[in-house]
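The following report describes selected features of a single protein chain. Please consult the sequence and the model alongside the text.

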Amino acid sequence: MVSFDEDVDAVMAQLLKDDPRCITISIVGVGGIGKTSLAKLIYDSQTIADHFPNRIWVSRATEFNIIEQIFSVKDSTLVSYPFWHEKFAYTVRQLVNAFFLDKKYLIVVDDLCLTELCLPREFWTNMGRVFNDIPNGARILFTIRNFRQAPPDTETSFIYRLHLRSHDESWALFTHTLKVNILPEMQNLKGHIIRTCGGLPKVILKLRELLSQRDATLEEWSRVLDRLNQDQEPWLEILDEINKYLPLYLRRCLFYFGLFPVGRKIPARRLIALWVAEGLGCQQSNEKSPEYVAEACLRELMNYNMVQVTEKKLNGRVKTCCLPEALQVHWFSKAKEANFLQGHSDISNTNIGVIRRLADHLQQNDAIFDDIHFYNNASSYSRYRDVVSFLSFDTRKGSRPGEDIGNFLDRSISSNCFRFLWVLDLENVYRPKLPKAVGQLTRLRYLGLRSTYLEMLPVFINKLLNLQTLDLKHTCFNTLPDSPVRNGLDTSLNIKKLGLKCKISVPSQNAAMSSQLVDVANWIVKLKDLQSLRLKSFDESGQPWDLHLQSLVEHVDLSNIYLVGKLKNQHLVSALPRSLIDLTLSASGLVEDPMQTLAKLPNLRIVRLFFGGFPKLEVLKFWELELLEEWNVEEGALTSLKDLEIRSCGNLKMLPDGLQHVRTLRELKLTKLPMVSSRIKDNLGGEWNKIAHIRHVWKED
């Protein structure tokens, strides 16, 4: 089914588990998100039909007839007593024994939510023990609107959150259901259609119906889209959830989307870093890192169907997201009422009060437009006294954006404003003219200069002692022979996320570059709060070059390491922190097998070996890495590998695609890998094709 492939695979993986216990899976999501459609796709699939000879579909059952529908029987006991009564349970136990004892069943219970007494949670709390007594691999699949109604998440009870469709999935579903060719000139409305639908299949289908009744012209379709965007009905359930149940810490995170232009795809890494800088999402009792908490908040909002994932990375993680346009239309007035987004209003509103968060959308009807892009009376700047975040979305070409920002910052700071600023995010503003006065913003935690193409590191950087995030990606610093570390960066010791790319321009710079990389290594040793480290080193021809790094054992919060370059310290693998979760080594030049050392890292889940990695490695063994979920091998890596053994890595989902390019591999032994084994069953399918060239393959359960 168009746009539901990943969901079908994920739910079916749970249903097809080799587990004799009765397992329940609850598909959870708001009305109209596609729960019943997904359940039907699974129910009708040939794989499920082959695995479950007996299948039952129960739709819109009540507490009085659910058991009768499941077993197709009439029994006065079932009508006389509610399902929590002892006599009701006794009758059901007899029926379960009679029907299930020697048969494997799949039962789909669609929309069991008609009364407070008949929620799936209540039903399973009282009746689950009856079904659990039958060890024949039965499965029960619920479709549920609200996760609070679902059976609790346990070893045998899983909750699958159905999310809003991504942009690509939404467009695929729209074009599939429209069943007519879209004229080339109508493709101009693609973005408008995607934003209006907000990833909710119910809206996509409603739009299909409305458009099918209209002439296929830009004017007609545009009018339909504008009217549909004003229609609250499809989103009432989500709006009600926000207003009645959404916790305050999540509400504040949701408000933050209002700082971004409507329809803008927001990078998840940017949103999370901004939340961390403002302390959003944190709760007093939380012992996790702020980044972990912020990422968890984003997942919660997606699970509530309030935030749409617009793009995913190849590894399945969120790349960009947005708030559905309809929710911005119908809900963000509350953000202004709460003074969270004060300042973004019609210019005629002269009483906008004190502003806490400032976002320049380059819109002339914003009350702040003239202050930023023209010289206004200095008295108006007093309203910026308590600003904690300033984001600019002035992405015009030329020198004007950089000059406007520089002048506004200089005037504001000289007017004693921005003294409480935590966030200064100028991502995509072309070469902002940052005044020295920015060095006075000593509370600054986040300075976003990504894609600004600045050519020099700001001279004030050594004044910002509380800086946690300094994003310099896609800048054009030509630092040699000077060292940016010695010239100020080494005073920033609160950095939690560091990413640096170093490249030599001409061969004569080798010695100077090597010296700078040593400075970087010495600085990293001092960054005790570091959580993520990405270092890349290239020579003048763009090939990986030397990387200097010292022991990282004492970096107890460091969980993500991504290194591109030849490790001068060959013992670094034995000096990695126990907190490490995700490790990438590209062109590392290691000659010894690191896996026995990596196996001692208790939290390691993802290992990636990219081109040029381990060119002389002949034997590789993964033993008992229980948390390992993903292992990637790029084409050109492991060019000498002969023997590979993977044992007791129960969470490894699949073999790396790159194994098919390791033509030297002679022997492969796979032991106790349930998910991998199920994918290469009968020596068929895409997973088997990765290893079909290997001479000897052993599989043991």
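Ser157 counts as buried, at 2% relative accessibility; buried means under 20% relative accessible area, exposed over 50%, and partly exposed in between (1.4 Å probe, protein chains only). Ser157 belongs to strand β5 (residues 157–161). Helices (H or I, at least four residues) and strands (E, at least two) are DSSP runs, numbered from the N terminus. A polar atom of the Ser157 side chain lies 3.0 Å from the backbone oxygen of Pro152. When residues up to four places away in sequence are left out, Ser157 touches Thr24, Pro151 and Pro152, a contact being heavy atoms within 4.5 Å.

This is a predicted model, in which local features need pLDDT of at least 70 and side-chain atom pairs count only at pLDDT 80 or more, whereas totals for chains, interfaces and linings use all residues. Residues are numbered from 1 along each chain as its sequence is written, and side-chain values use heavy atoms, with hydrogens and water left out.

## The chain overall

The chain has 701 residues, of which 52% count as buried, and its secondary structure comprises 23 helices and 25 strands. Among contacts in the chain with a separation of 6 or more, 65% join residues 24 or more positions apart. The accessible surface comes to about 32300 Å², and 48% of it belongs to carbon and sulfur atoms; these areas come from the Shrake-Rupley method with a 1.4 Å probe, and for residues only the protein chains shown count as cover.

The buried residues in α13 are Tyr249, Leu250, Arg251, Cys253, Leu254 and Phe255.

## Nonpolar cores

A nonpolar core is a set of buried Ala, Val, Leu, Ile, Met, Phe, Trp, Tyr and Cys residues joined through side-chain atoms within 4.5 Å. The largest has 89 residues, and Phe418 and Trp631 have the most contacts inside it. Helix α19 (residues 400–414) supplies the largest share of this core, 4 residues. Apart from it lies another core, of 86 residues, including Ile42, Leu178, Ala294 and Cys297.

Beyond four places in sequence, Phe418 touches Leu358, Tyr384, Arg385, Val387, Phe390, Phe408, Leu409, Ser412, Ile413 and Leu441.

## Aromatic pairs

Rings of Phe, Tyr and Trp (its six-membered ring) pair if their centres lie within 6.5 Å; planes under 30 degrees apart count as stacked, over 60 as edge-to-face and the rest as tilted. The count by this rule is 12 aromatic pairs. In one of them, Tyr381 and Phe408 have ring centres 6.0 Å apart and planes at 35°, so the pair is tilted. Tyr381 lies in the loop between α18 (369–373) and β10 (389–392), and Phe408 in helix α19, so this pair ties together parts 27 residues apart in sequence. Tyr381 is buried, with a relative accessible area of 1%, and Phe408 is buried at 0%.

The rings of Phe390 and Phe418 likewise form a tilted pair, with centres 6.0 Å apart and planes at 35°. Phe390 is in strand β10 and Phe418 in the loop between α19 and β11 (423–425), so the pair links distant parts of the chain, 28 residues apart. Both Phe390 and Phe418 are buried. Ring pairs link Tyr381, Tyr384, Phe390, Phe408 and Phe418 into a cluster.

## Charges over rings

A charge sits over a ring if NZ of Lys or CZ of Arg is within 6 Å of the ring centre and within 35 degrees of the ring normal. The charged end of Arg55 sits over the ring of Tyr43, 4.9 Å from its centre. The charged end of Arg445 sits over the ring of Trp422, 4.5 Å from its centre.

Note on methods:
A polar contact is a pair of N or O atoms within 3.5 Å; within protein, one must be able to donate a hydrogen and the other to accept it, and residues adjacent in sequence count only if both atoms are side-chain atoms.
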